[in-house]
Amino acid sequence: MAAAEKLVFPTIVEGLFVRGLSGKVSFALKEQLRKEGLDLDRPLQPAYSLDTWARCVALTARSLHPEQPEPVAWRMLGERMIDGYRDTMVGRALLGVLRLIGPKRMLLRTQHSFRTGNNYTEVRITERGEREADLWLNEPGLLRYFKQGVMLATVRAASGPATQVDVVQYDDDSVTYRVTWGVPGS
């Protein structure tokens, strides 16, 4: 039996491309995205393949941040996606409770949160201390840096600017982040 296709749902696409990058997608980039399967001039599809998503993020990272190394450009887009995701109905609801539950409880809900945006994310959390945890994701390739930006912006929303999310280990199909945070409001 074949494995289910890995899919990314429109809330994530909307969060990045429609809201987070509003006014920043040039005509040329829009055309490149259309050729890869993402037509921003039409209603979003019910889902996009993970391969389509990765190609579109790669094109956008190179186009908007050509001076940055790829990992930094992808991380910046992940942070920008959360900025835009805040403006979606699902994102507003999800991010609205983060300050209430705090970063530790938020991390324990990470798999559920990511599954609102795709059908494939698996998560393992290893607590390392009062304000530190390791987060393992089955995120392939350079998307690990996009998710690093997503985690950074999300944990910051729960705890404030003293947040850090570092890639500590990865292979072709997964990544482990070390997530640290300060006292909320610090």
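These legends walk through several close-up views of the structure shown above.

This is a predicted model, in which local features need pLDDT of at least 70, side-chain atom pairs count only at pLDDT 80 or more, and totals for chains, interfaces and linings use all residues. Residues are numbered from 1 along each chain as its sequence is written, and side-chain values use heavy atoms, with hydrogens and water left out.

**View 1. Phe 17, Trp 53 and Phe 146 form a cluster linked by ring pairs.**
The structure holds two aromatic pairs; rings of Phe, Tyr and Trp (its six-membered ring) pair if their centres lie within 6.5 Å, and planes under 30 degrees apart count as stacked, over 60 as edge-to-face and the rest as tilted. Phe 17 and Trp 53 have ring centres 6.0 Å apart and planes at 85°, so this pair is edge-to-face. Phe 17 belongs to helix 1 (residues 10-20) and Trp 53 to helix 3 (residues 50-64), so the pair ties together parts that are 36 residues apart in sequence. Helices (H or I, at least four residues) and strands (E, at least two) are DSSP runs, numbered from the N terminus. Trp 53 also pairs with Phe 146: their ring centres are 5.5 Å apart and their planes stand at 85°, so this pair is edge-to-face as well. Here the link joins distant parts of the chain, with Trp 53 in helix 3 and Phe 146 in helix 8 (residues 143-159), 93 residues apart. Phe 17 and Trp 53 are both buried, where buried means under 20% relative accessible area, exposed over 50% and partly exposed in between (1.4 Å probe, protein chains only). The relative accessibility is 5% for Trp 53, and Phe 146 is buried too, with a relative accessible area of 2%.

**View 2. Arg 124 and Lys 147 lie over aromatic rings.**
The charged end of Arg 124 is placed over the ring of Trp 136, 3.8 Å from its centre. A charge sits over a ring if NZ of Lys or CZ of Arg is within 6 Å of the ring centre and within 35 degrees of the ring normal. Trp 136 is also the bridge partner of Arg 124, in strand 4. Look as well for Lys 147, over the face of Phe 114 at 4.3 Å from the ring centre.

Strand 3 pairs with strand 4 (residues 132-137) in the antiparallel sense over six bridges, and a hairpin joins the two through two residues. Within this pairing, Glu 127 stands opposite Ala 133 of strand 4.

Residues making the contact include Leu 98, Gly 102 and Met 106 of helix 6 and Met 151, Val 155 and Ala 158 of helix 8. Contact means heavy atoms within 4.5 Å.

**View 3. Arg 178 is found in strand 6.**
At 27% relative accessibility, Arg 178 counts as partly exposed. Leaving aside neighbours within four places in sequence, Arg 178 is in contact with several residues, among them Arg 128, Glu 132, Asp 134 and Asp 166.

**View 4. Pro 140 sits in the loop between strand 4 and helix 8.**
Its relative accessibility is 19%, so Pro 140 counts as buried. Not counting residues up to four places away in sequence, Pro 140 touches Leu 50, Asp 172 and Asp 173.

Methods. Pairing = 2+ DSSP bridges.
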